[in-house]
Amino acid sequence: MTNLLSKQTLDTLSDTVKKPSYAYQTAEVGIVHIGIGAFHRAHQAVFTDDLLALDPHWKITAVSLRSPAIRDSMAPQDNLYTVVERGAQEDKFRIVGAIDKVLVAPEEPQRVIDEIANPNTKVVTLTVTEKGYCRDKSGKNLDFTNPVIVHDIADLSAPKSLPGFIVAACKLRMRSNEKLTIISCDNLSANGQVTERVIQQFAQHVAPDVAAWITKNVSFCNSMVDRIVPATTEKDIDSVSQVLGVVDKSTVVTEPFKQWVIEDKFANDRPAWDKVGALFVADVHAYEHMKLRLLNGIHSTLAYIGFLKGYEYIHQAVADEDCLLFVKALQAQLVSTLDDVPGIDLSDYADTILARFANERVPYKTSQVACDGSQKLAQRLVKPCEIIRERGAISEYITFVLAAWCRFLEGKDSAGNVFSITDPLGEALNNLAVQHCNNELKQVESILRESGVCSAQQLADSDFLTAIAAHLKEIHKVGVTQALSGFMKR
């Protein structure tokens, strides 16, 4: 099989494959998306593909901030690709035509700037991962020591960072004075506010007039996104190509479930995503806290404990009796830290998450979920732990997970095999974990301080630190499997 999926081969596909029901080749671009990856193509691009059947003015120009890999796989296919929704019993196939083109920022920085500045661009969406916001350890402010920020301050003609591209584009956009809406779709608490803060801090540093214009003309919307999208494998590509009868090198595999909750604070024209399943709300915070804690927090828990137990995939960890009992108890604690969420029963939501994680037909690697803990754990687990502590208690469940993370950072699995830590602070955290592996309290203190995941109050809380160290000592002594079993029998 040599023919690629493309506009020429689209009509040859089986009727069982859903195809774009709109004139995808003539639809107009209205959105720029920064950070194209599998998640965007399985989530926001799918919502937009459905919307384009109702309104042909919202096609997407996608931007990769680093690698040309996705551009190189999509361009020969006329930017068409397959989304496979893999349920427990069956697969559903659809071809998505929502992406007009993919730009690679290092190759064409000015073209990226021009696309964002174009008055026809009404919305910019973002999936640049937690580390793409170039925040300092507090998670609240721009890190002016970050190499890409240092570069962009010195030379904004060819930016490398998200804040750099947005500010450079807004400088041009001032000419048309067209308003702009920016929507963060990353797993950050108050992600729109985080985006606004780092961009404004950058703008105030390099161009105060642009900062003033952004204040008046750019809206930053919080949003909550949810869909499990594992990395695509060669086996996935081969099996999908067999169904299509043509080769699709840009295949994305995902679960049937998807959710998008968006703060209704648009500065200009608003894509009617609410007509195709998204939810516009006045305040996203209750939804985002629900998802960050009950889904992402449990995902991280299963990743660290599951990886150290020798499981390659999340669904294997869910099938482990001790892991399942542990996360169910942890979920109950996390629910107690949440406000009511309109229209959602939190206990039912928690059960649904575990059922989704158990779907072995959408295998998600524990090692993939375990990446970038220094960027993720503060909002997923450390904040609810702080809430529980303010009530006079210590969460033994969350402190156990933090102990497992410290053990993970040592860079050796339970069989003694060395692995690399994927984290912006990976080298520093790994050095501390190894250096202090014979002194659990010192190891915990140094990792938490260097990572910035805890508040100053937590770092000064000896009972909190001692609880983590005690779990870590037990993990060092008997391994995570026996340590978890003993924990659950207490």
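Where is the place of Ile99 in this structure? Ile99 sits in strand S6, which covers residues 99-104. I shall return to this residue after some words on the model as a whole.

This is a predicted model, in which local features need pLDDT of at least 70 and side-chain atom pairs count only at pLDDT 80 or more, while totals for chains, interfaces and linings use all residues. Residues are numbered from 1 along each chain as its sequence is written, and side-chain values use heavy atoms, with hydrogens and water left out.

Let me begin with the overall fold. The protein chain contains 20 helices and 13 strands; these are DSSP runs numbered from the N terminus, helices being H or I with at least four residues and strands being E with at least two. The radius of gyration of the chain is 23 Å, close to the 23 Å that the globule rule gives for 490 residues, so the chain is as compact as a globular protein of that length. That radius is taken over C-alpha atoms, and the globule rule is 2.2 Å times the number of residues to the power 0.38. Along its principal axes, the C-alpha trace spans about 65 × 55 × 45 Å.

Of the 490 residues, 58% are buried. Here, buried means under 20% relative accessible area, exposed means over 50%, and partly exposed lies in between, with a 1.4 Å probe and protein chains only. As for contacts, meaning heavy atoms within 4.5 Å, 77% of those between residues at least 6 apart in sequence join residues at least 24 apart.

I now return to Ile99. Ile99 is buried, with a relative accessible area of 1%. Leaving aside neighbours within four places in sequence, its contacts include Ile36, His40, Lys59, Met74 and Tyr81. Cys454 is 355 residues from Ile99 in sequence, and their C-alpha atoms are 39 Å apart.

Is Val418 buried or exposed? With 66% relative accessibility, Val418 counts as exposed. Not counting residues up to four places away in sequence, Val418 touches Gly411 and Lys412. Between the C-alpha atoms of Val418 and Leu346, which are 72 residues apart along the chain, the separation is 39 Å.

Next, a point on backbone geometry. Most residues other than glycine have a negative phi. Asp78, however, has a positive phi, near 55°. Asp78 is in the loop between helix H3 (69-74) and strand S4 (81-86), and at 29% relative accessibility it counts as partly exposed. Cys134 also has a positive phi near 55°. Its loop runs between strand S7 (123-126) and helix H5 (147-154), and Cys134 is buried, at 5% relative accessible area.

Finally, I turn to the second largest pocket, which has a volume of about 270 Å³. Of the 14 residues that line this pocket, Ala231, Thr233, Asp236, Tyr313 and Pro363 are the closest to its centre. A pocket is an open set of points on a 1 Å grid over the protein atoms alone, where a 1.4 Å probe fits, with protein on both sides within 12 Å along at least five of seven lines; lining residues have an atom within 4 Å of a point. Helix H9 (residues 234-244) gives the largest share of the lining, three residues.

Definitions and conventions:
Grid points are joined across faces, edges and corners, and a volume is the space filled by probe spheres set on the points.
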